[in-house]
There are 2 protein chains.
Amino acid sequence: MDDVQMQHLIAAKRDGGRIAAPQWAGLIASYMSGRIDDAQMAALLMACVFSGLQAEETQALTEAFVRSGEVLSFPTELSPVVDKHSSGGVADTASLIVVPLVAACGVRVAKLSGRALGHTGGTLDKLEAVAGVRTDLEPATFERIVRDVGCAIAAQSERLVPADKRIYALRDRTATVSSIGLIAASIVSKKIAGGAESIVYDVKCGNGAFMHDPPAALELAQVLVTLTEGFGRAATAVVTDMNEPLGTSIGTALEVIEARDFLQGTRRDPRLLAVCLTLARALLEGAGFDLERADAAVDNALRSGAAAERFGAMLEAQGAVPGALAELEPLGAGVSVRALRGGFVSSIATTALGEQARRLVAACGSRAGIVIAARIGDTVAAGQRLAVVYGDEGAVAEVQAAFALSDEAPAARPLVYAEVTSAGKAFARSTVETK
Amino acid sequence: MDDVQMQHLIAAKRDGGRIAAPQWAGLIASYMSGRIDDAQMAALLMACVFSGLQAEETQALTEAFVRSGEVLSFPTELSPVVDKHSSGGVADTASLIVVPLVAACGVRVAKLSGRALGHTGGTLDKLEAVAGVRTDLEPATFERIVRDVGCAIAAQSERLVPADKRIYALRDRTATVSSIGLIAASIVSKKIAGGAESIVYDVKCGNGAFMHDPPAALELAQVLVTLTEGFGRAATAVVTDMNEPLGTSIGTALEVIEARDFLQGTRRDPRLLAVCLTLARALLEGAGFDLERADAAVDNALRSGAAAERFGAMLEAQGAVPGALAELEPLGAGVSVRALRGGFVSSIATTALGEQARRLVAACGSRAGIVIAARIGDTVAAGQRLAVVYGDEGAVAEVQAAFALSDEAPAARPLVYAEVTSAGKAFARSTVETK
C-alpha cells in the first residue's frame, strides 16, 4: 500500500465509510514495513475515534495485528488452556487469586499480563514484588510452567503482536486511545496470539476505570466476546464496578499479601470474593465445566488450601525465593487515615487512591501503599479509621480527601453489571449489592 | 511545548474543546522546530476536521502561520496595495484580467499566486505559458514591478509562511484538508504575509469547486473576511458559481488568450465579464473608491485599452519575450465536440473538463486544452458544436460526456451568490442569472 492509497482510506474513514478487510491487512503490513508513516496512521486513528469501527473492521484490524508477529499455541494434551484479562482498575488483585484458583480446579491458565497503566496497577509489577519472581519468560519456559504447575503469569513477548505495540504507543501520544474498536483490537489480538482457547474479560466500569459509564463498558464487553469468537475461541466478558477499589489493598506487595491471605482464607473482602468467584466460574465454564461442577471445584480448591498451594508453586516456578511470599509484609506499622466527621461513605475517589498508591510505591518501595478500611455505604463515626497509609504519612490528607462523607446513604450499585457469554447474550447480574 | 502537552491539546480538541491562542502559537513553533512531530500534528488536524475551530482559534492559528516566516510590506507611497484570491475553479481566468484592469484604474495589485491544484488551474502555470515569463520573483523585484507597472503576479516565496507550507503538505497526505478553519488559516496567512492592505476573496462554489454547496462557501467567505479584518486589513469575499467553467477556455495558454482577447475587447464571455466586474469593483472599493467612481474607472480602463496595455506591460516586466502574448494561439485547428441529441444543456461536469484539460496540457503542451461553446441553459440541436478540443482528439468522447442534455430547461442559478463585506454583512447578489 502506498501513500496515496492510504490517503484515500483515511478520507473514507473520515467520511464515515468502512475500510475493507484486505485494506486493513495491507495498511498494517505497510505500516510495519515503513511504507506508511506515523502521520498517516495517526490521522486514520483519529478518524476511527470519531467515525468508529464497524464489526468487520475491528475483526480485520485484530487479524492484522495478530498476523504481525508470532502466535503461541499449546500442545493438545494441555487443553483447554484459559486466560483472563482485566481492563484495569484499582486494588484489582483478582488475577493473582483467580489464576491459581482455576489451576487448582484442574484447568490450565496461561496468563499474559501487562505493566501498570496510568493510575491502575499492573499484575507484572505486583508479582515482581515477591523476591526472585521473573515474568519475562521465554515461550518454552512459560509452556513448561503451565504444564507442570497448571498456571503461569508472564509478560507478553516482544515477538507477539508487534503492530499493536507500535500502534498502542502512537495512540498514547496522539490522544487516540478512546475508541472501543481500537481498544478491543488491541486487547483481543494479544489474547489470541497468547494461545489460550477460552478467554474471560473483566471490563471495569466506574471512576477508577478507563470506562466510566456502564453502556460504554457493556459495548466493549460485547465487542470483545464477538471478536474473540471470530477467532474460534470461547469468550465471556463481565462488566464489574470500579467506583471503589476492588480489594482493600492498593500497591504491589500489599496486593500480593491480600491475594495470599485471601487464598489462605485468613481475610476475604466480600467484593473481591464476589468478583473472583464470578471470574473463576466463567473461566471454568469456558473450559467446559457446568455451573454446579464449577462451584463445587472452586469451593473445594479454596477450602482444601489447594489454590493457596498452587499460588506458591507458581511463584516458585517463576523464581520466587523460598519463603518470600510467606514473609511478605507491609512497610512499617502504617499511619491511620481517620474520618473528619461522621456519616455515610458516599463515594470514593478511586483514581486518586490509585495514583497515590503508585506514588507511595515509587517513593518508598514495593511494600508501601494504601489499605482501605471503609467502603461506599458504610457508616463511620468521626475519628473512625478509613484507611491505613504505608510508607509516607504525607499522603494521609490526600487519602482522607478521597473519602466523601454525607448524611444520606448512597444508592446501591450492582457489583457485576452484566455478563456477556459466548452466545452473544448479555444479561444483568447483581451477585453482590453494595450496602 | 513537549510531547505530553501536545497530547493534552489533541485530547482537548478531540473532545470538542478550544485550544487557547498561546497554545496554538506554541504548538506551531514547536512543530517548526521539530519538537512536535508529524504524527501528533496529523492527529490534531483530524480532530480539527471533526470538532471544528472556533473563531479565536482560527485567528490564533493564522497568526502563528504568519509569524513562522517573513512578512512583506510595501512602502507607504504605493498604498493602497490590493490582492485577490480565488479558491480555485475551472476556466477561472479572472486574475489575469482583473489584476491589470485594477492597476489600470490606478490601484496597485501585488498578487501572490499558486500552482494548479487537483482539477483547477493555477495562475502561475498560465502565466508561464507566455514565452519568457517568470513568476519566481525576489521580493525586491516583485515590489519594483508593482511600483513601476502597477501590478505583478508572483509565486509565493519559500520564506513566507513556511508553517502553512509544511502543514498543507501534511494535510494533503492525511486527508485533513476539509476543514473551513484550516482552509481559512492557510489562505489568509499567505495573503497577510504578502503585504497587501486590502484583499478580495473569490470563493468558488459548485461541481467544479472544492466547496460544493453555497452554505459552506458562504461560511468560508465570512471566516475569510473576519480573519483578514483581525489583521487590520480590509476584506471582501464573493461567493460565485462554479457549476460550469467560468470563462470559455480551459488550459494554460488558452486561458491567457482568453484574457488577452477579453482585455482587447474582441471576445468577452458574459459570465466571465460579470465576475471580473464584481471582483474589480470590490478591489477598487477596498482601495477607497466609491461604487460610481469604480464603475467609471473600470469602464474607461477597458474601453481605452489601458487594461490590455497594462497586461502586456506586466508580462514584459516579468520577462515575456516581446510579441509572445500577441502571437499566442491554440494548438492546431482543434476538433469539434458535437451534441449527440438536441435539447437543453442541463448540467456540465466541470471537474471532469478541468481534469481533461490538465491531461491535454500535460500530454500536448501549454497550447492544448478545451474551449466550450455551450453554456448551461443553452438549447442545442443534434450535431451542434458543444466545445473544441485542442491537442488530442482522443479527449472528444469524454468532453462530450461532460455536457448533459435534457428536454427541460434547467432552473436558473445566480452567478454571484453572496458578497461579504468588511462590515461583516453578507447580502445576496444576482448580477447575472443564467438563462
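Predicted model: local features only at pLDDT ≥ 70, side-chain atom pairs only at ≥ 80, totals over all residues.
The relation between the two chains is considered first. Chain A is superposed on chain B by a rotation of 180° with 0.1 Å of shift along its axis, and the RMSD of this superposition is 0.1 Å. The two copies are thus related as by a two-fold rotation axis. Within chain A, the C-alpha nearest this axis belongs to A:A39, at 1.9 Å from it. Both copies use the same surface, since 100% of the contact residues of chain A recur in chain B.

At the interface, 23 residues of chain A are in contact with 23 residues of chain B. The size of an interface is often given as the accessible area lost when the parts come together. Between chain A and chain B the buried area is about 1800 Å², and carbon and sulfur atoms give 60% of this area. Three residues, A:R14, A:F50 and A:R173, supply 37% of the area that chain A buries against chain B, more than any other three residues.

Each chain contains an open sheet, described here for chain A. Strands of a sheet pair through backbone hydrogen bonds, either parallel or antiparallel. In chain A, four strands form an open sheet in the order β6-β9-β11-β7, with antiparallel pairing. Its edge strands are β6 (249-251) and β7 (335-338) of chain A, each of which pairs on one side only. On average, neighbouring strands of this sheet are turned by 20° against each other, direction ignored. The antiparallel strands β7(A) and β11 (residues 385-390) of chain A are joined by four bridges. Here A:R338 stands opposite A:R385 in β11(A).

Two helices pack on this sheet of chain A. Helix α11 (residues 253-264) of chain A touches β6, β9 (369-372) and β11 of chain A, and its direction makes about 145° with that of β6(A). Helix α16 (residues 350-364) of chain A likewise packs on the sheet and touches β6, β9 and β11 of chain A, with its direction at about 140° to that of β9(A).

Helix α11(A) also meets a further helix. The axes of α11(A) and helix α14 (residues 306-317) of chain A come within 7 Å and cross at roughly 145°. On the side of α11(A), the contact is made by A:V256, A:A259, A:R260, A:L263 and A:Q264, while α14(A) contributes A:A307, A:A308 and A:F311. By class, the residues of this contact of α11(A) with α14(A) comprise six nonpolar, one polar and one charged.

The corresponding sheet of chain B was examined in turn. In chain B, an open sheet of four strands has the order β6-β9-β11-β7, again with antiparallel pairing. Strands β6 (249-251) and β7 (335-338) of chain B lie at the edges, each pairing on one side only. Strand β9 (residues 369-372) of chain B pairs with strand β11 (residues 385-390) of chain B in the antiparallel sense over four bridges, and the bridge partner of B:V371 in β11(B) is B:V388. Helix α11 (residues 253-264) of chain B packs on the sheet and touches β6, β9 and β11 of chain B; its direction makes about 145° with that of β6(B). Helix α16 (residues 350-364) of chain B packs on the sheet as well, touching β6, β9 and β11 of chain B, and its direction makes about 140° with that of β9(B).

A further helix pair was characterised in chain A. The axes of helix α2 (residues 21-32) and helix α8 (residues 162-173) of chain A come within 10 Å and cross at roughly 80°. Helices α2(A) and α8(A) are therefore roughly perpendicular to each other, as angles of 65 to 115 degrees are counted in this way. In this contact, A:I28, A:Y31 and A:M32 of α2(A) meet A:P162, A:A163, A:R166, A:I167 and A:L170 of α8(A). The residues of the contact of α2(A) with α8(A) divide into seven nonpolar, no polar and one charged.

Local backbone features complete the description. The peptide bond from A:S79 to A:P80 is cis, with omega near -5°, and A:P80 is placed in the loop between α4 (55-67) and β1 (81-86) of chain A. In chain B, the peptide bond from B:S79 to B:P80 is cis, with omega near -10°; B:P80 is found in the loop between α4 (55-67) and β1 (81-86) of chain B. A:A91, a residue other than glycine, has a positive phi near 55° and is found in the loop between β1 and α5 (94-104) of chain A.

Definitions and conventions:
Residues numbered from 1 in each chain as written. Chains lettered and ligands numbered in written order. Heavy atoms only, no water. Pairing = 2+ DSSP bridges. Axes fitted to C-alpha atoms, helices over the stretch in contact; angles between N-to-C directions. Contact = heavy atoms within 4.5 Å. Parallel < 35°, antiparallel > 145°, perpendicular 65-115°, else oblique. Nonpolar A, V, L, I, M, F, W, Y, C, P; charged D, E, K, R; others polar. Least-squares fit on C-alpha atoms with pLDDT ≥ 70 in both. Buried area = accessible area lost by both parts, 1.4 Å probe.
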